[in-house]
Every structure is written in C-alpha cells, then in structure tokens.
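Thank you all for coming. Please look at the structure on the screen first, and then I will take you through a few parts of it.

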Amino acid sequence: MQGFTTALQPINIMWVTIGGVLGTIIGMLPGLGPATGVAVLLPLTFSMGPVAALITMGGVYYGAMFGGSRASILLNTPGDGAAVAATFDGYPMTRKGRAEAALAISAIASFIGGIIATVIMVLISVPVARFAVKFGAPEYFQLYVFALAATASMSKGNRIKGFIAMTIGLMIATIGIDPQSGIQRFTFGILELQAGIDFLIVIIAIFALGEVFKSFQNIKEGKINVQKDFGRIWITREDWRRSWLPILRSSPLGFFIGALPGAGGTMASLMAYNNEHQLSKHPDEFGEGAVEGLAAPEAANNAASVGAMIPMLTLGIPGSGTTAVMMGALMILGLKPGPLLFQQQPVIIWGLIASMFIGNIILAVVNIPLAKVLVRVLSVPPKVLYPIVLGLSFVGAYAISSSVMDFYILLFFGVLGYLLAIAKIPTSPLILAVIVGNNMEQSFRRAYTISDSSLHIFFDSPISITLFILTLVSIGFPILKTVLSSYRTRKGM
Amino acid sequence: MKRDTFSPNALQRTSLISAGVGIVLGIAYTILTLSLPYAAIGRPNAPKAFPLALGILMTLLSAALLVQQVMKVRADSAIRHPSQEKKKGIFPLEHHTKQIIITVINGVFYGLLFSRIGYVLSTFIFLGGELLLFNGKRKWRTVLIVSLIFSLFIYILFNKLLGVYLPRMPIIGF
C-alpha cells in the first residue's frame, strides 16, 4: 500500500499526465501504436528515478492505447493490431455522426477494463510470483520454449513463417560474447557487437523505423480531414445500458488472453468482439455502429495490456511488444523482472500498479474533454511527423546505448523489419526470441550441466512436464485444426 | 493440351524468395558456427551447440516454406490463367523504395557525422534531408523551421533537462 503514497505524490501525477498525453499523441499516429510510443518515449525516462520512470512509462502505455482508439474511431486507421477491432463499429459510429459517443464509450470501456484488470492483477500477482519462485533452470527453459512456440504458432498467417521469424530472432540473440565460455560469436570483429545486440534497439528499429518505412507507401496523403468540432463527449443512457454488461464480460477475458504468451491485445479485442456479437440482442447492428461492438474490444484491449504485464513482472517474459519495451526499461534501471523483484523491491512494483490505477483515471479524465485538442495532432501532415519520429528513434537509441554503432544497427533492423513486413513474416516471434534467446540458451546449458549431461532433467518436475505438454499442444493444435478442416472440405461435408 | 505453368502471384513470389534467402542464411550460419573456436572453459563444444541447432532449424524451416509455396503455386496455377497477373520485374524500384534507400543513406551519414560535428548540426542535416525528401524544395521554409526547432528542442530537453549526454559541436561546444 506504500505504492499508493508513492504514486500519489504530485510530481508523479504530473509525470503520468505528461506521459499519458505524449503517449496519446503517438498512439494516434496511424501505423504507430503503443509499442512504438513506448519505445520512442522511453529514453526520456532515463534520468528519473526508477519509480518515476515506471510511472511515466505506464502513462505512455495507457495514453498510447487511448490514442490508438482515437485514430481507429475517427479515421478508420488503427494505430496497431489491437485497435483494429475498434474500427469495426467505431468508425461507422463516426460516419453516423456519433463520434462523440464513440470516443466517450471507448474511453469509459477502456477505463473500466483497465481498472478491473488491475484489480485482478493485484489479487493474483503475488501468488503467481510465489509460484514462479519454484522455477529452476529446466523449468525456465521449458517456459521459454513454450512462449516462443506459442507465439510463433499463433501468429497471423503462415505458421512456418512464424517459426522462421522466431529462428531469426534466436540467431540475433546469439551474437556477442558467450557468457559461459567467453568466446565471441558472430561479432565479425566489430567491437560494439561483443555485448550483443540490445533488444530495445531491435524493438525501436522494427516498431518505429520499420513502421515508418511501411508508411512511406501511403505518405502522399497530405492533410487528413478530421472532424474537429465536437459536441459534448458523453454517452446516452441507452448506450450505457447496452454496454455495461459486455464491458464486464470482456475485461476478464481480455486480461487472461493478454497474460498468455503469444496472444495479446489483438486477439483479446477480436475475441471479445466476436463474443459480444454472438451474445448480443442486436447482432445486425454490429459493423454498422453498435455501441457494444466498440465497448467490448476496447475494454478487452486495455485489460489485455494489463494482463500482459503479469508474465513480464513475475517471470520475465513479456506478454506483448509494449511490455517487452517496459521490461527493457526495467532492466536498464537495474531491476530484473522476475519473482525476486516482488520480494526485493515490492515498493517499486506496487508503485507501478498504483500508478496504473491512477493513470487509468487521469487518462480517462484527460481524454474526454481534451479529445478536441488532441485530435488536432492528426491534422499535422504525416510528411512532417514521420521524419520527426525517425529523429526521435535515433535519439532514443543513442540515449539507450551512447553508441553511434546503434544508428547503423537501427537502420539495418529497420530495413529488415520493412522486408519482413513485405514478406508477411510476423515480427512478434522474432522480437520475443531476441529477448529470451540468451536466457533460453543459458538455462538449457545450466540445466544440462546440473544434470550431468542428461536430458531427463527437463522432464523431472510437474511444472516442466506441463509446460512441455503445453508446447506440444500449442504447436499441434493449429495443425490439427487445419488438417481436420481440409479433411472435412475434401469429404464435402 | 495440359500446360504445366508456374506463375506465382506477388505474395507467393516474395515467399519463395524469402524461403530461398532463408536456406542460404541457414547454411551460412551453420558454416560460421562450425568454424567457431572451441571453448577453453567448460565443455569445448558448448558454445556451438545452440547455434548449430538454430542453423539446421533455419535451413529446414526455409526448405519447408519453399516446398509449401511451390505446392501452393502449382495448385493455384492449375486453376488460374497465367495471363491475369501483370508481371512487373521482381524488383520494381517504386518511389517509396527509393525513399527508403535514400533515408538509409541519410541515416548512415547521420551516424558518421554525429560524433564529429555534434548532435544539433548532424540532426539538423539529417532531419532537413528527410523533410526535403518528402516535402520537396518548395516547402523549404517548413523544412528549415522544423529541423531547427526539433534539433535544438531535443538537444536542450535531453542534455539540460534530462541529463542524457549528446555530443557537442567541436568549436562552439553546443
């Protein structure tokens, strides 16, 4: 509970607000989402103390998600995958002249979703952390394998490509000096590569540079016409009546999906949308501006982003791109996410959680009246904004590592991210692999050494066995589904 | 008359190329792994094990992708008329691709100049270049103002307010 006192200090509230507003602005830019926003704004937090830094980042995170919804509702251009579902009914609402209600319900649903999720998180994070302490090297290895396999297997599109992305990421992770033996791997004689490639740089490169490169194709659109005059941004009683139950249903759903590796805001919001579609008394209105069609994915989305923090904080496995960046930030601040963090630095964790509550409240308050002002950002031509984002990325990279070498690495991976997007190779398995690759390999080797060079240690404890089975299921299940469905079509059923 | 045509669509073409690149990458990585030195501490082969597995995995996965795509193209070609696809070259250098290449070159120069002439100047050049690229010479006033303000603003923000070191200009020291 000390966390609340920390979070409520005026200076920290100021940071949350600033972070939130900046995050909202970046989240609103089409193509850039919360991950980009957090990645680019992260270096601003370096000179603050760890608590202030985390709190600001939490604000940015939330802000970016609110911002992404603005773009979806007003412009039909989602800021990232998770905001796609908001376009289904949000944009139609705008076209029907109900933009104010759409913005309001999005803010309210996100707010409630976030609060519910944060409450759940408070309740389960300590037990999960205690459970996580039981993890030894073999369990961690199985966990990493599971997380990677699930992410690769559940990625959109071609599954083989997902696994290829994962493998590329792992190969990137092997660059550097091997900690256990001291020999250099794949450094090609370049001094700066000896420490390996910082995953934060890879993230900024792929999420910021890569996205900007992708948008070059569409940058011709000069000024975007955005509705600038809004009436009172609030919803009717009828809207609320139809929405509150879907919101309550979607929040826990979103939370648990967000907590799973491989699934995140995108899947959570889409599932919530489908769910409510089937449960709704007005199914025909979905896609035409049904208010619950917007409320459900928004609630699920926010809940999922909170849920994604659970594996990040308790086990050190980020549940989403944005949490990956936050994890990077924690590591730079000297905090190693994992069960020990709860034991050794409870103040920081609770401070973060408390700031999430407060951030949620502040952003909901800020977003509703300020929507008019913030939306003006969208009328700055992208031709000016995107070069600025590029500039910010370079500064951010330098702030992280103080090495110009990272400029070149940034460019290289930015282009790589662009090429991967063209080849429709998913990037989330790659990024997760870069993050956990080293830990994964080291856990394997440590476990192998402990067990005197036998493999059975990986199947000794119930945790390991369960994780292994989960891995098999996550790879096998989608394959089974495709085989069964093609079998059925061939049989003409 | 049965013509066995092989005409992939755009996505399939990129997938085939990716698969090919992947196979080459996998083999190259494996070869590099095998030439890594033996470890002096601990088990001599330990540092090679993981990368070796990765290299083999990469090659196998890429080969699988290749096979999968080839089968898809064969299945599609049997149904589709090959004349439906307007074949451009494999690398049509479209406008935005050129912009990316120029941006990368700009970025490389940015990196080269960065420590030598300081943050403000090199960022001004980089950003100016980017903005010019997209907005053209006519909007030179916008380009100038935005580049100047951004470079100075970020410099002051990071250096003075946030305490992050950014290189200074050689003589003026700003």
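**Two helices in chain A**

In α6(A), the residues A101(A), I105(A), A109(A), I112(A), G113(A), I116(A), A117(A) and I120(A) meet D239(A), S243(A), I247(A), S250(A), S251(A), P252(A), G254(A) and F255(A) of α10(A), where contact means C-beta atoms, placed from the backbone, within 7 Å. By class, this contact has ten nonpolar, five polar and one charged residues; Ala, Val, Leu, Ile, Met, Phe, Trp, Tyr, Cys and Pro count as nonpolar, Asp, Glu, Lys and Arg as charged, and the others, Gly among them, as polar.

This is a predicted model, in which local features need pLDDT of at least 70 and side-chain atom pairs count only at pLDDT 80 or more, while totals for chains, interfaces and linings use all residues. Residues are numbered from 1 along each chain as its sequence is written, and chains are lettered from A and ligands numbered from 1 in the order in which they are written.

Helices here are DSSP runs (H or I, at least four residues), numbered from the N terminus. α6(A) covers residues 99–132 and α10(A) residues 237–259, and they pack at an angle of about 40° with their axes 9 Å apart.

**Between the chains**

The contact takes 45 residues from chain A and 50 residues from chain B. On the side of chain A that touches chain B, the largest share, nine residues, comes from α17(A).

In chain B, S15(B) lies in helix α1, residues 10–34, and touches A423(A), L65(B) and Q69(B), not counting residues up to four places away in sequence. The C-alpha atoms of S15(B) and A46(B) are separated by 34 Å.

Technical notes:
Axes fitted to C-alpha atoms, helices over the stretch in contact; angles between N-to-C directions.
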